[in-house]
Amino acid sequence: MLHFNENRGIQQGKSGSKIPLTFIQTFVLIDCMNDNNSTFTDTKQRILDAAEHLLAIKGFRATSLRAITGRAGVNLAAVNYHFGSKKALLEAVIKRRIQPLNRIRRKRLEEVRESARQKGKKPEVKAVLSAFIEPTLLFKESNPDAKKFFIFIGRSFTDPDDTVREVFLRFIKPIFHLLFETACEALPGQPRDIVFWRLHFTIGALFHAMHVSGNIKMERLNMKTGIDANSLIDLILPFVTAGMKA
């Protein structure tokens with residue numbers, strides 16, 4: 001008899017031993033054959049897209065693999081073949097968005113540091129923050145799926161379950177370390193713990209702005225909250241720069 005464990009994948013019998021990969025491959029192959037335009041890559045992307053959508057709405061614990069496969073139009077064996085477990089799928093969802101973004105932010109931060117070194121000066125605080133904030137906001141506006149991803153990450157910080165936070169922070173830690181060290185170079189007169197906390201306040205302001213932009217109704221105040229990424233960058237950078245320098 002086959003059993004499905006969302007954290008471990010497909011198992012066989014009471015012993016819980018995993019089904020041989022060749023057996024799983026057969027299931028996946030059948031799934032792909034049901035759609036003449038499907039490939040293994042297409043199947044993987046459909047699973048990732050479905051997971052990202054449902055995680056943004058329901059969160060990690062409330063999203064079952066059956067719901068994900070139902071939305072993706074694939075069978076449960078496909079998830080085990082491509083990812084192996086629900087947590088591995090979560091990591092893949094986060095990785096595909098964060099890694100490209102981190103490469104851009106790392107490049108920008110390294111350019112700020114190198115430019116300052118060549119001039120024999122300390123980095124400009126605004127340039128340091130811009131190297132992190134600007135790619136993030138532009139990335140969010142790049143496509144609708146990116147917006148779903150940030151909704152998903154945002155809700156994870158208020159979720160009692162820390163699974164998503166742990167995975168996200170593991171991916172974000174290296175780039176935050178670079179941001180922190182560069183900010184310390186830009187603010188040599190500030191204690192490192194002060195720089196650390198002010199960076200956290202800055203990132204908090206960034207995520208809040210990303211979450212509420214265009215979502216708050218202010219009709220009575222005759223205000224428009226819908227704003228594009230470049231306009232939001234122009235608004236938030238002076239604000240957080242002043243906060244870091246205070």
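**Notebook: cavities, a pocket and helix contacts**

I sorted the lining of the largest cavity by class and recorded 6 nonpolar residues, no polar ones and 1 charged residue. Here Ala, Val, Leu, Ile, Met, Phe, Trp, Tyr, Cys and Pro count as nonpolar, Asp, Glu, Lys and Arg as charged, and the others, Gly among them, as polar. The model is predicted: local features need pLDDT of at least 70 and side-chain atom pairs count only at pLDDT 80 or more, whereas totals for chains, interfaces and linings use all residues. Residues are numbered from 1 along each chain as its sequence is written, and side-chain values use heavy atoms, with hydrogens and water left out.

**Entry 1: cavities**

I asked how many cavities of 30 Å³ or more the rule gives. The count comes to 2. (On a 1 Å grid over the protein atoms alone, a cavity is a set of points where a 1.4 Å probe fits but cannot get out; a pocket is an open set with protein on both sides within 12 Å along at least five of seven lines; lining residues have an atom within 4 Å of a point.) Grid points are joined across faces, edges and corners, and a volume is the space filled by probe spheres set on the points.

For the largest cavity I noted a volume of about 40 Å³. Its lining consists of Ala51, Leu55, Phe60, Ile68, Lys86, Leu89 and Leu90. Two or more of these residues come from each of helix H2 (40-58) and helix H5 (86-119); H5 gives the most, with 3 residues. (Helices, H or I of at least four residues, and strands, E of at least two, are DSSP runs numbered from the N terminus.)

I then turned to the second largest cavity, also listed at about 40 Å³. I found Gly59, Phe60, Phe152, Arg155, Ser156, Asp159 and Val164 around this cavity. Helix H7 (residues 144-156) is the leading contributor, with 3 residues. The class tally for this second lining is 3 nonpolar, 2 polar and 2 charged.

**Entry 2: the second largest pocket**

I recorded about 340 Å³ of space in the second largest pocket. Of its 18 lining residues, Leu169, Ile172, Phe176, His200 and Ile203 are the closest to the centre. At least two lining residues each are supplied by H5, helix H6 (125-140), helix H8 (163-186) and helix H9 (192-212). Which helix gives the most to this lining? H8 does, with 6 residues. By class I counted 12 nonpolar, 4 polar and 2 charged residues.

**Entry 3: H6 against H9**

I looked up the packing of H6 and H9 and noted an angle of about 20°, with the axes 11 Å apart. H6 is therefore roughly parallel to H9. (Axes are lines fitted to C-alpha atoms, for helices over the stretch in contact, and angles run from 0 to 180 degrees between N-to-C directions; under 35 degrees counts as roughly parallel, over 145 as roughly antiparallel, 65 to 115 as roughly perpendicular and the rest as oblique.) On the H6 side the contact (heavy atoms within 4.5 Å) involves Leu129, Phe132, Ile133, Thr136, Leu137 and Lys140. H9 contributes Leu199, Thr202, Ile203, Leu206 and Met210. I sorted this contact into 8 nonpolar, 2 polar and 1 charged residues.

**Entry 4: H7 and its partners**

H6 and H7 pack at about 115°, and their axes are 7 Å apart. I listed Thr136, Phe139 and Lys140 of H6 as meeting Ala146, Lys147 and Phe150 of H7. The classes in this contact are 3 nonpolar, 1 polar and 2 charged.

For H7 and H8 I noted axes that come within 9 Å and cross at roughly 115°. Phe152, Ile153 and Ser156 in H7 meet Val164, Arg165 and Phe168 in H8. These residues divide into 4 nonpolar, 1 polar and 1 charged. I also noted that Phe152, Ser156 and Val164 are among the residues lining the second largest cavity.
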